[in-house]
Amino acid sequence: MENMRDETQYMVREKGHDKRDNPLLKRILTYDEANKIRREGVYPYYRVVESAQDTEVLINGNKVLMFGSNSYLGLTNHPRIKEAAKKAIDKYGTGCAGSRMLNGTSKIHTELEEKLAAFVQKQAAVVFSTGFQVNLGVIAALGGRNDFIILDEHDHASIIEGSRLSFSKTLKFRHNDMHSLENILKKLPPDRIKLIVVDGVFSMEGDLTNLPAIVDLARKYDANVMVDDAHSIGVFGPHGEGTSAHFGLTDDVDLIMGTFSKSLASVGGFIASDNNTIDFLKHNARSLIFSASMPPANAASVIAALEILHEEPERIENLWKNTHYAIKCLNDIGFDTGKTVTPIIPIYIRDEAKTFLLSQLLLERGVFVNPVTSPAVAREDCMIRLSLMATHSRPQIDRALNIIYELACETGIIS
């Protein structure tokens, strides 16, 4: 990185124009946050995985236990899903060469949308190229200048960015605090749109939204509810349908959003709702209208994943067995795992330097975990995030937890 900066400065001087005082270039050249971590030898980002995502992966030619993946059901390397993707390429090619609105809707897209709507028990659904684009397009499209978007303060970055694109005013309530939410709602005009948007599962802390209370407040103040089920699909619900089904509130939630990059072994996202809402979004969500459509192979992968999810319910059972086992073990050892009730298990370190150090030492010992620091969480909430998969074996979990414990003791994180 330092060499790259030197070359950049050399190039601007060579052209006879010393632009180092240009505000944009100055901001770029003075950015040093990543290099601070690199200089410590604990830079944890953009690590190159040389194999398929599975419970064990190759990094730098070494076998590493993967406990940093969102592949909750362990389907990303499933032979049936890979075969479905290959067949879709043979039939439809590698891309659709256009947006969904114009020439980019293939039969496989509409087939997937029908299956998704049935899966989450809504009238209709529409798929986007990424989950991030779903939240950008949907949230920005639904409200006007005199309306309100109401967010949990711990909502995912894509939800926040979607609210920034909206002309509506954005208000935030304290995390899972229903008194805070009601204090906002009761001050808002009764005749304006009030859209409450929450994560079903909060992706850093691993806790579950208080959806029953949110639905009650929405009903009381004539608001609407949208749930981001990125980390809930394939995890919660009788058949993995997500948070709304888990609480028996599917009919009370107006919009259900989900992604394909976690349990469903692909990439992309969807929004499901009633027919009229989906039709409105098809003609107003700019991230759908002005983006190329999801490749057919990705759509085929999701269809195959949904079929496996239906046929093999034991995957969800195994996921929860692994989750309950790992949380109990970590708590017995003495780690603080916060309020998680999901396969996302935060191990709070509460020290940024030690978080980066522990992540690096774990990788060197053959365990891949994700460090989570500011701005993803407050500095005092720095953690390593352990993610469980249905396909992790008990010996793999035991090995990882033993190594985490040993290194935490060596680094003074726990005594």
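Close-up 1. The buried residues of H8 are Met 178, Ser 180, Leu 181, Glu 182, Ile 184 and Leu 185, where buried means under 20% relative accessible area, exposed means over 50%, and partly exposed lies in between, using a 1.4 Å probe and protein chains only. These buried residues pack against strand S4 (148-152), strand S5 (169-173), strand S6 (194-199) and helix H9 (211-220), a contact being heavy atoms within 4.5 Å. Helices (H or I, at least four residues) and strands (E, at least two) are DSSP runs, numbered from the N terminus. Residues are numbered from 1 along each chain as its sequence is written, and side-chain values use heavy atoms, with hydrogens and water left out. Because the model is predicted, local features need pLDDT of at least 70 and side-chain atom pairs count only at pLDDT 80 or more, whereas totals for chains, interfaces and linings use all residues.

Close-up 2. Strand S9 (residues 269-273) is mostly covered, with 5 of its 5 residues buried. Gly 269, Ile 271 and Ser 273 point one way from S9, while Phe 270 and Ala 272 point the other way, and all are buried. In a regular strand the side chains alternate between the two faces of the sheet. Strand S3 (residues 124-128) pairs with S9 in the antiparallel sense over 5 bridges, and Val 126 has Ile 271 of S9 as its bridge partner; two strands pair if DSSP finds at least two bridges between them. Strand S8 (residues 255-259) is joined to S9 by 4 bridges, and these strands run antiparallel, with Gly 258 standing opposite Phe 270 in S9.

**Close-up 3. The packing of helices H4 and H13.** Two packed helices are described by the angle between their axes and the distance between the axes. Helix H4 (residues 79-92) and helix H13 (residues 296-311) pack at an angle of about 145°, with their axes 8 Å apart; axes are lines fitted to C-alpha atoms, for helices over the stretch in contact, and angles run from 0 to 180 degrees between N-to-C directions. The contact is made by residues of H4 that include Arg 80, Ala 84, Ala 88 and Tyr 92, and by residues of H13 that include Pro 296, Ala 300, Ala 304 and Glu 311. By class, the contact of H4 with H13 has 12 nonpolar, 1 polar and 3 charged residues, where Ala, Val, Leu, Ile, Met, Phe, Trp, Tyr, Cys and Pro count as nonpolar, Asp, Glu, Lys and Arg as charged, and the others, Gly among them, as polar.

**Close-up 4. The open sheet S10-S13-S12.** This open sheet of 3 strands has the order S10-S13-S12, with antiparallel pairing. Strand S10 (344-348) and strand S12 (370-372) stand at the edges, each with a single partner strand, so one side of each is left without a neighbour in the sheet. The twist averages 35° from one strand to the next. S12 is joined by 3 bridges to strand S13 (residues 383-387), and the two run antiparallel; within this pairing, Val 372 has Met 383 in S13 as its bridge partner.

**Close-up 5. The open sheet S1-S2-S11.** Here 3 strands form an open sheet in the order S1-S2-S11, and the pairing is mixed. The edge strands are strand S1 (56-59) and strand S11 (367-368), each of which pairs on one side only. Strand S2 (residues 62-66) and S11 pair in the parallel sense over 2 bridges, and Leu 65 stands opposite Val 367 in S11.

Close-up 6. Glu 113 lies in helix H5 (residues 107-120) and is buried, with a relative accessible area of 6%. Leaving aside neighbours within four places in sequence, Glu 113 is in contact with Arg 100, Ala 125, Val 126 and Val 127. Ala 141, in helix H6 (residues 131-142), is buried with a relative accessible area of 15%. Not counting residues up to four places away in sequence, Ala 141 touches Phe 280, Leu 281, Asn 284 and Ala 285.
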